[in-house]
Structures are given as C-alpha cells and as structure tokens.
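Here is a short report on the rings, charges and strands of one protein model. Keep the structure open while you read.

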Amino acid sequence: MSMSASEAEVALTNTAHLYARVSEKERLLRFFAEVLGLSPREVTVAYVTAKEPMYAVTFSNGAGLSVEFTDDALTDQAAERGAWLELTVTDRDAVEARAQAFGAKRIVHPATPFVYLQAPGGQVFRIVGRDDQKGV
C-alpha cells in the first residue's frame, strides 16, 4: 500500500542551492545585485568546507538561495534542462530592462508566454510580476 504525498506530509521549503562555474562567480554575484537588487554575502559557517567560498542571497519573503562555485558545474546549455526557479518581483518590466542592459540571456519556452532569464552560470529564472499572479 502506498501513501499519497498529502498523507506523507511532504513540503517544499523556501531554501534552494545551486552550483555555478567558478569562471562565472563575479558575473553571477553582479547579476544578483544589479539585476535583482539582492545582496549576495559570503557564507561563513564552520560546516561549509567547499574549496571556493559559497555565497547566499535572501529574498524579500525570507527565502534563501545559496550558490556553490565549482569547475564541474553544468554548462549554461545543460542548465536549461535543470530546475527552473520562479521569482516574484514588484516591477517585472524594470527587472527585464536591467537584465537586458546586463546582457542576461532571455529563454523562450515555446509552450508558455512567460519571461525567463538565464543568469550567468546557467540558472533559469521565471520572472513574474506581482500583478501577473492574479488568477493563477
């Protein structure tokens, strides 16, 4: 007899971790700051023993994303087939304009009308304006 997900009480937390290539470190940190308006900070806890410093950002809703930099992280092309994360923003048009000025790649998903951006290092983000979520 198998349990359904609701019976197992499985929940997705508001914390995510990703890998990016060391060569993209400075550009990805700038993307978080300049395009998304976030403040990347170096993770300085004793249990993190990665070769390269890890960084983290905290979003306005308290969610966190940590990034580990390693030379064997996925290529941008391979990352397009990985998990895509959704970001809710106050002004989608402003974020899109900053992303374009920054040189971030826009990803087109042929089955949806949404805005997707690929950050340096490969991670794909769906950018959703708060007003876009009405009726979803």
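## A charge over a ring

The charged end of R126 sits over the ring of F114, 3.4 Å from the ring centre. The rule for this is that NZ of Lys or CZ of Arg is within 6 Å of the ring centre and within 35 degrees of the ring normal.

The model is predicted: local features need pLDDT of at least 70, side-chain atom pairs count only at pLDDT 80 or more, and totals for chains, interfaces and linings use all residues. Residues are numbered from 1 along each chain as its sequence is written, and side-chain values use heavy atoms, with hydrogens and water left out.

R126 also forms a salt bridge with E86. That pair links distant parts of the chain, with R126 in strand β8 and E86 in strand β5, 40 residues apart. R126 is buried, at 17% relative accessible area. E86 is partly exposed, at 44%. Buried means under 20% relative accessible area, exposed over 50%, and partly exposed in between (1.4 Å probe, protein chains only).

## Salt bridges

A salt bridge is a side-chain nitrogen of Lys or Arg within 4 Å of a carboxyl oxygen of Asp or Glu. By this rule the count comes to seven.

| Salt bridge | Closest N and O atoms |
|---|---|
| R30 and E34 | 3.0 Å |
| K105 and E80 | 2.9 Å |
| R126 and E86 | 2.8 Å |

R30 and E34 are four residues apart in helix α2, so about one helical turn separates them. R30 is partly exposed at 39%. E34 is partly exposed at 41%.

K105 lies in strand β6 and E80 in the loop between α3 (76-79) and β5, so their pair ties together parts that are 25 residues apart in sequence. K105 counts as partly exposed at 43%, and E80 as partly exposed at 22%.

Salt bridges that share partners also join R21, E24 and D76 into one network. E24 sits in the loop between β1 (15-20) and α2 (25-35). Is E24 buried or exposed? E24 is buried, with a relative accessible area of 17%. Beyond its neighbours within four places in sequence, E24 is in contact (heavy atoms within 4.5 Å) with P120 and G121.

## Aromatic pairs

Rings of Phe, Tyr and Trp (its six-membered ring) pair if their centres lie within 6.5 Å; planes under 30 degrees apart count as stacked, over 60 as edge-to-face and the rest as tilted. The structure holds five aromatic pairs. F31 and F32 form an edge-to-face pair, 6.3 Å centre to centre with 65° between the planes. Both F31 and F32 are buried.

Y55 and F69 have ring centres 6.2 Å apart and planes at 75°, so this pair is edge-to-face. Y55 lies in strand β3 (residues 55-58) and F69 in strand β4 (residues 64-69), so the pair ties together parts that are 14 residues apart in sequence. Y55 and F69 are both buried. Ring pairs also link F31, F32, F102 and F125 into a cluster.

## The sheet

Helices (H or I, at least four residues) and strands (E, at least two) are DSSP runs, numbered from the N terminus. Two strands pair if DSSP finds at least two bridges between them. Four strands form an open sheet with mixed pairing, in the order β5-β8-β7-β6. Its edge strands are β5 (84-89) and β6 (105-107), each pairing on one side only. Strands β7 (residues 115-118) and β8 (residues 124-129) pair in the antiparallel sense over four bridges. L117 stands opposite F125 in β8.
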